[in-house]
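Work through the exercises below with the sequence and the 3D structure in view. Each task is followed by a worked solution.

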Amino acid sequence: MDIHGSTVEFHGVTRKFGNVVALNDFSLKIKPGELVTLLGPSGCGKTTALRILAGIDKEHSGVVEIDGKDMSSIPANKRNIGMVFQAYSLFPNMTAQENVEYGLRVRGVDSVARSKRASELLELVGLASQSARRSTQLSGGQQQRVALARALAIEPSVLLLDEPLSALDAQVRSQLRDEIRRIQKTIGITTLFVTHDQEEAMAVSDRVGVMNKGNLDQIDSPSHLYNKPKTPFVAGFVGLTNVVPAVAQSKNEVLVLDQVLDISEHAPSLVKGEEVKALIRPEAISIEKAAKGAVVITKSFLGPMTRIGIDVGLHDLIYVELTSKEAKKIDTGDHVEVTISSDSVMVTHA
Amino acid sequence: MSQTSLQSTLSHQTAEGALPVAKRMFRLDKSFLGILPFLALIGYFFFYPLAVVFNESIHDSHHHLTASAYKALFGGDYRNAFIGSFELAAYSMAISAIIGALICWAVVKTQGHARKLIIAAAGVLTSTGGIPLAFSFIAAFGQEGLVTKILLNVFHWDIYGGAFDIYNFWGILLVYCFFQAPLMVIIFIPAVENLKVEWQEANETLGGSRIAYLRFVVIPVLAPAFISSCLLLFASGFSAYATAAAMSNGTIPLVPLLIGNLVNGEVLADQANQGDALAMGMILVCVLVFGLYALVMRVSRKK
């Protein structure tokens with residue numbers, strides 16, 4: 001298969017729907033062969049960005065380029081972009097094989113060549129034996145595999161995935177997620193993936209961009225995004241985060257839950273006495289049984305881990321994650337002493 | 001085991017084995033009761049009259065068994081009536097199907113109140129057939145009709161200057177289209193609404209033109225619904241009576257009008273069973289059309 005990775009660039013792209021700004025001065029560069037995920041809640045603009053790149057929606061301002069070529073005047077059917085939709089996108093009057101062949105058929109490729117290519121791709125997605133089935137005879141996961149094969153059949157310069165796993169059940173979603181990543185790496189195609197599922201985004205991406213109200217808040221590698229969120233929104237959206245009020249004690253120190261923490265690695269410049277918010281991951285907190293102090297209110301078994309909700313006298317509970325073995329020693333109603341590791345604490349201005 | 005106890009066991013087993021069957025039959029009977037009123041209704045108002053009509057169609061006025069009425073269907077006015085009805089049904093089907101399909105396409109592209117308004121209007125127009133519709137057309141397009149006079153006096157266009165006449169075949173065809181096209185909208189729009197936006201977008205991203213989308217996706221997907229809707233329009237056009245009766249002065253040979261004339265006693269001697277034979281012929285045409293309809297639906301469901 002002759003697919004090469006292309007460079008994709010958004011330069012200050014803005015899209016409005018009436019008075020609502022769906023995409024606000026959006027800029028992003030995707031390197032050849034890279035898989036970038038846009039992550040965010042519904043209505044944050046991630047799908048709009050993808051649709052503009054595909055050419056099925058139009059930007060109001062800004063430029064989209066593929067390999068340095070401005071795409072503004074190029075219609076969707078001339079962009080050579082493969083796209084997998086959320087669901088229901090297979091043509092119901094065609095078999096899986098015919099669906100995969102479709103892009104080649106409208107390009108005038110002869111039937112022998114397109115049949116051969118479709119068979120290869122169905123083999124690649126593990127559906128060679130289902131080629132004669134219509135979409136209505138395939139499961140949701142199988143349909144999305146066929147849709148992926150169909151998108152790849154035209155040897156696109158870019159692959160777009162618009163929440164392709166959201167309609168599938170958890171097990172199939174996980175399998176197909178890994179398969180998409182395997183295929184993407186195998187053929188080295190530049191890919192833009194859109195999802196609202198942070199676990200999915202973290203699992204498959206080279207980089208993840210978190211979007212909020214039409215803006216790209218942060219784009220980084222999954223581990224960097226998790227460990228060094230730049231905004232409370234990113235911290236809250238990517239993984240579970242405790243947002244705790246804190247007071248600056250010096251330029252590098254904050255008082256959080258009666259503990260003074262050195263946060264020189266992560267802190268913005270603080271002014272003594274300034275009220276700030278500390279963003280603390282559950283795994284950065286440890287607890288030990290005590291005679292008095294904070295009280296364990298909830299205990300949720302999550303398999304290998306157990307999440308414990310603790311009342312430390314704030315409006316909200318703070319959450320701690322322990323291995324389920326450790327958590328056996330703690331029961332609801334117990335008093336505990338809370339210790340925060342300063343390594344993983346981020347501080348933002350209140 | 002003693003013989004007595006063996007017999008007892010056997011009879012017990014038989015009773016146990018028979019019980020579920022009896023229970024199943026009882027359950028079937030009970031569920032059957034629910035549709036009995038409906039079956040009684042169609043039995044009394046459809047199958048019983050059908051049997052009577054069939055029986056009368058094969059007997060002459062002296063109650064002798066005869067096929068003469070059926071033979072007569074293949075010649076003269078009766079043959080012409082079938083041809084006339086077939087032509088009227090086919091033309092009105094073709095015109096209404098195209099107009100209705102185009103309206104459906106436009107409606108699904110329209111958002112908000114306009115869409116609801118068009119669907120509601122189609123519902124009203126579909127049920128405004130018969131004498132009220134015929135009268136409104138006569139009042140509008142008759143020789144002394146309002147629209148005819150406005151066109152003549154304001155635009156100096158005499159619509160009766162050419163071949164047009166509200167009372168001839170083309171006039172009746174116009175009126176038929178007036179209720180058949182909305183009927184097409186009502187029955188065809190669910191299929192058009194089922195066309196997913198994602199299919200069109202997938203076609204675009206795969207490099208397909210709008211024509212390719214229509215040719216390879218839209219037409220094959222809509223074809224079964226379009227064909228079945230056309231068949232329903234044909235049946236409706238073939239068997240409609242009131243509108244044609246109100247607009248025709250008897251010069252247009254149509255099967256329902258001839259049946260009406262024969263039922264009203266406008267018959268020659270020894271032709272009492274001719275209306276019954278005509279009715280059976282019309283029912284046969286409708287059965288064939290609905291059979292085709294069922295076949296199309298079955299094939300499309302299998303795909």
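**Exercise 1.** Find the hairpin formed by β1(A) and β2(A), and say how many residues lie between the two strands.

Solution. Step 1: β1(A) and β2(A) form a hairpin with 2 residues between them. Helices (H or I, at least four residues) and strands (E, at least two) are DSSP runs, numbered from the N terminus. Step 2: in the turn, A:G18 has a positive phi of about 65 degrees. Step 3: β1(A) is joined by 7 bridges to strand β2 (residues 20–30) of chain A, and the two run antiparallel. Two strands pair if DSSP finds at least two bridges between them. Step 4: one bridge to locate is that of A:V8, whose partner in β2(A) is A:I30.

Before going on, note the conventions. Residues are numbered from 1 along each chain as its sequence is written, and chains are lettered from A and ligands numbered from 1 in the order in which they are written. The model is predicted: local features need pLDDT of at least 70, side-chain atom pairs count only at pLDDT 80 or more, and totals for chains, interfaces and linings use all residues.

**Exercise 2.** Which residue of β4(A) is the bridge partner of A:H11?

Solution. Step 1: strand β1 (residues 8–17) of chain A pairs with strand β4 (residues 61–66) of chain A in the antiparallel sense, over 5 bridges. Step 2: the partner of A:H11 in β4(A) is A:V63.

**Exercise 3.** Is A:G214 buried or exposed?

Solution. Step 1: locate A:G214 in the loop between β9 (207–212) and β10 (215–220) of chain A. Step 2: apply the cut-offs: a residue is buried if 20 or more other C-beta atoms lie within 10 Å of its own, exposed if 12 or fewer, and partly exposed in between, with C-beta atoms placed from the backbone. Step 3: A:G214 counts as buried because it has 22 C-beta neighbours inside 10 Å. Step 4: list its contacts, leaving aside neighbours within four places in sequence: A:V21, A:A22, A:L23, A:N24, A:C44 and A:G45. Two residues are in contact if their C-beta atoms, placed from the backbone, lie within 7 Å. Step 5: take A:F26 as well, which is 188 residues from A:G214 in sequence but 7.6 Å away in space, C-alpha to C-alpha.

**Exercise 4.** How many residues does each chain bring to the contact between chain A and chain B?

Solution. Step 1: chain A gives 20 residues and chain B gives 16 residues. Step 2: on the side of chain A, the elements that give two or more residues are β6 (81–84) and α2 (96–105). Step 3: β6(A) gives the most to this side, with 3 residues. Step 4: the residues of chain A that touch chain B divide into 12 nonpolar, 5 polar and 3 charged. Here Ala, Val, Leu, Ile, Met, Phe, Trp, Tyr, Cys and Pro count as nonpolar, Asp, Glu, Lys and Arg as charged, and the others, Gly among them, as polar.

**Exercise 5.** In which order do the 5 strands of the open sheet lie?

Solution. Step 1: the order is β13-β12-β11-β14-β19 (chain A), with antiparallel pairing. Step 2: the edge strands, each pairing on one side only, are β13 (259–262) and β19 (345–349) of chain A. Step 3: strand β11 (residues 242–248) of chain A is joined to strand β14 (residues 275–280) of chain A by 6 bridges. Step 4: A:V243 has A:L279 in β14(A) as its bridge partner.
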